[in-house]
Amino acid sequence: RWKIIWDGSVTSEGTEEITNLHGEKVYKGIEIVSPILFGENGLNQIKLIYGCLNELNTKVDNTCGTHVHFDAEILFVKDIKNILIFYYNNQLLFDSLMPKNRKSLFCKYCEPISSSEITVIKDLLSRKDIGEELKTRHKVINARSQKGRNHNTIELRQLNGTLNYDEIQNWILLMYKLIKHCCNYNGLLTITHNWTLQTPVD
């Protein structure tokens, strides 16, 4: 079932105003969590939820983000590496699709995969080692969620918060095709773009 929970990272004015124990006005946002969704039926459920959110005049701001999980149960270590390498090679392209608050150089909740991390990851032999090398789940791709107690997924975290269904649908389909391409590739992708973390993208 769908769940609505509090999210302490969504804190800008415009979220729900509450009074804390000291009598101060603070703002508290929410996170909407979907059940496991499949195919066209899953997209239709998302469309329905987005319709309800827009009817309720829900707001998003630059503290919001969209996280998309894909099942990683049957992915090989090679597949995980290829997904991370592909995203690393094309990080500047993905950044160009995002507003400034979700560009990987500016957002602490979707940090880029570094050159040193991807160089180590390409030679690792297990999912556990890959997750530990990334050190935090706050990357553009969270491979550490494979270590979760209740799910085995790979999480793509860079998309901004949005109430535009077409935007989320296009992102889901794009990420699905990225993962499918990486899994179908025969062998390990080459690390081709040694871009620097000092390169800004407007």
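Predicted model: local features only at pLDDT ≥ 70, side-chain atom pairs only at ≥ 80, totals over all residues.

The overall picture. The protein chain has 202 residues, and 38% of them count as buried. Its secondary structure comes to six helices and six strands. Along the sequence, they run β-β-β-α-β-α-α-α-α-β-β-α. Now contacts. Take those between residues at least 6 apart in sequence: 71% of them join residues at least 24 apart.

On to helix α2. It covers residues 77-89. Does its length agree with expectation or disagree? At 1.5 Å a residue, its 13 residues should span 18 Å, and the end C-alpha atoms are 18 Å apart, so the two agree.

How many of the 13 residues of α2 are buried? Ten are, so the helix is largely enclosed by the rest of the structure. Here is the list.

Let's stop at Asp79. Buried or exposed? Its relative accessibility is 3%, and the cut-off for buried is under 20%, so Asp79 counts as buried. Its side chain makes a polar contact of 3.1 Å with the side chain of Lys78. Leaving aside residues up to four places away in sequence, Asp79 touches Cys182 and Cys183.

Now the helix pair. Two packed helices are described by the angle between their axes and the distance between the axes. For α2 and α5, the axes come within 9 Å and cross at roughly 25°. That angle makes α2 roughly parallel to α5, because angles under 35 degrees count that way.

Which residues meet there? From α2, they are Val77, Ile80, Lys81 and Leu84. From α5, they are Arg127, Ile130 and Leu134. By class, this contact has five nonpolar residues, two charged ones and no polar ones.

To recap. Helix α2 is largely enclosed, with ten of its 13 residues buried.

Methods: Residues numbered from 1 in each chain as written. Heavy atoms only, no water. Helix = DSSP H or I, 4+ residues; strand = E, 2+ residues; numbered from the N terminus. Buried < 20%, exposed > 50% of the residue type's maximum accessible area, 1.4 Å probe, protein only. Polar contact = N/O pair within 3.5 Å; in protein donor to acceptor, adjacent residues only side chain to side chain. Contact = heavy atoms within 4.5 Å. Expected span 1.5 Å × (residues − 1). Axes fitted to C-alpha atoms, helices over the stretch in contact; angles between N-to-C directions. Parallel < 35°, antiparallel > 145°, perpendicular 65-115°, else oblique. Nonpolar A, V, L, I, M, F, W, Y, C, P; charged D, E, K, R; others polar.
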